Amino acid sequence: MRRSLIAALVGSFILLTGCSGSGSDAGSSAPDSSFSEPGVALAPESGFQSRDQAPVPAERKEVVTGQVYITSDDPIEAARDAVSAVEAVGGRVDNRSENPETDNLTASSSITARIPADELTGTLARIEDLGKVTSVSITRDDVTMQYQDLDARIAALQASVDRLKALIAGANNTADLIEAETALSSRQGELDSLTSQKNYLADQVDLSTITVQFSTDDVTPSPGPDSFWDGLVAGWHSLLDAMHDGVVGLGRAIPWIGALGVGAAVVYLIVRLTRRSRSTEPVRSAESETVANPDTEPPRE
């Protein structure tokens with residue numbers, strides 16, 4: 001009996017000890033699982049958010065302008081071929097001039113073309129094949145930030161205009177209606193102005209502006225003087241040109257000076273005759289009064 005009782009007590013003690021150990025393990029593991037599981041679940045989710053919110057690179061906006069100088073045997077015909085090449089790719093020609101050959105001047109022509117930006121390289125290659133290229137100058141201005149700023153301002157003003165229209169629709173009295181309409185008119189004017197600026201900038205980006213000059217001679221712009229002697233020679237030539245222009249201008253002015261002198265002389269004679277006629281009228285009136293009244297004594301000195 002005693003051995004059985006001792007065995008039962010020992011077994012109960014071991015059983016209780018095992019239950020408490022498992023309970024403590026379960027209790028201690030629960031916070032770990034509950035703490036770690038959200039972290040594991042949030043890690044990929046946060047990763048997806050950072051990927052979705054990554055900034056998208058803005059499309060580059062450039063305004064391209066340039067000048068091309070070409071020597072050709074027939075500049076006028078070359079300019080016409082250049083116009084055809086521009087219009088074939090959907091471009092247009094804003095300015096065009098043709099100067100046929102004369103006794104004093106050689107033949108020349110020039111065009112100002114608006115070429116689609118994505119067709120610029122190929123179109124320039126076709127134009128350069130029309131003669132001998134003596135100079136090419138291409139400039140690219142990045143206007144990406146300006147374009148994005150206009151987009152942001154237009155979006156903000158459009159939202160403001162929409163809110164003001166909603167306020168006007170729900171206005172309860174005349175004062176609120178007038179105030180909302182005044183604000184709407186101001187916002188709408190700013191919105192239209194910004195929209196026009198964006199449209200103009202978009203046109204400059206979409207169509208590159210290229211000026212092409214054709215001539216039978218080398219029309220490459222000469223660089224400026226880069227030494228003292230070259231500057232002295234250039235100054236002397238400019239002085240001679242100025243003196244020549246002054247003499248030519250004086251020759252043109254002499255007929256005008258003569259005409260103005262004749263006109264001034266005629267005006268002077270008219271004024272003198274008018275004054276003389278006015279000064280003789282009192283004398284004639286006094287003589288007529290004396291003849292009419294002979295008894296009237298002449299004025300004493």
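**Entry 1: ground rules**

A polar contact, as I use the term here, is a pair of N or O atoms within 3.5 Å, where within protein one must be able to donate a hydrogen and the other to accept it, and where residues adjacent in sequence count only if both atoms are side-chain atoms. I am working from a predicted model, in which local features need pLDDT of at least 70 and side-chain atom pairs count only at pLDDT 80 or more, while totals for chains, interfaces and linings use all residues. Residues are numbered from 1 along each chain as its sequence is written, and side-chain values use heavy atoms, with hydrogens and water left out.

**Entry 2: the chain as a whole**

I looked up the secondary structure and found six helices and five strands, the helices (H or I, at least four residues) and strands (E, at least two) being DSSP runs numbered from the N terminus. Read from the N terminus, the order is α-β-α-β-β-α-β-α-α-β-α. Of the 301 residues, 19% are buried, where buried means under 20% relative accessible area, exposed over 50%, and partly exposed in between (1.4 Å probe, protein chains only). I noted an accessible surface of about 22,000 Å² for the chain, with 58% of it on carbon and sulfur atoms; the areas come from the Shrake-Rupley method with a 1.4 Å probe, and for residues only the protein chains shown count as cover. Taking contacts (heavy atoms within 4.5 Å), I found that 78% of those between residues at least 6 apart in sequence join residues at least 24 apart.

**Entry 3: helix 5**

The 33 residues of helix 5 (174-206) should span 48 Å, and the end C-alpha atoms are 47 Å apart, which agrees. At the start of helix 5, a side-chain oxygen of N173 comes to within 3.4 Å of the backbone nitrogen of A175. The buried residues of helix 5 are A180, L184, L191, L194, L201, A202, Q204 and V205, and they pack against strand 1 (62-71), strand 3 (108-116), helix 4 (144-169) and strand 5 (207-215).

**Entry 4: L207 in strand 5**

I then turned to L207, which is found in strand 5 and is buried because its relative accessible area is 14%. Leaving aside neighbours within four places in sequence, L207 is in contact with R92, R114, I115 and P116. L207 and A113 are 94 residues apart in sequence, yet their C-alpha atoms are 9.0 Å apart in space.

For helix 2 (residues 75-88) I made the same kind of check: its 14 residues should span 20 Å, and its end C-alpha atoms are 20 Å apart, which agrees. P75, I76, A78, A79, A82, V83, A85 and V86 are buried in helix 2, and these residues pack against strand 2 (92-99), strand 3, helix 3 and strand 5. After helix 2 comes G90, with a positive phi near 90°. On helix 3 (residues 120-128) I picked out T123, which counts as buried because its relative accessibility is 0%. Not counting residues up to four places away in sequence, T123 touches A85, V86, V89 and I115.

**Entry 5: salt bridges**

I found eleven salt bridges in the structure, each a side-chain nitrogen of Lys or Arg within 4 Å of a carboxyl oxygen of Asp or Glu. R140 and E62 meet through their side chains at 3.2 Å, N to O. This pair links distant parts of the chain, with R140 in strand 4 (residues 132-142) and E62 in strand 1, 78 residues apart. R140 is partly exposed, with a relative accessible area of 49%, and R60, E62, R140 and D142 are linked in a network of salt bridges. I also noted the salt bridge between E59 and K61 (3.9 Å, N to O), in which E59 is exposed at a relative accessible area of 59%, whereas K61 counts as buried at 17% relative accessibility. The side chains of E98 and R96 meet at 2.8 Å, N to O; E98 counts as partly exposed at 28% relative accessibility, and R96 counts as partly exposed at 43%.

**Entry 6: a surface patch**

Lastly I looked at the nonpolar surface patch formed by W236, L239, L240 and M243, which together have about 410 Å² of accessible area. Patches are made of residues with over 30% relative accessible area and no salt bridge, with like charges joined within 9 Å and nonpolar side chains (Val, Leu, Ile, Met, Phe, Trp, Tyr) within 5 Å. L239 is found in helix 6 (residues 228-292) and is partly exposed, with a relative accessible area of 42%.

Methods: Expected span 1.5 Å × (residues − 1).
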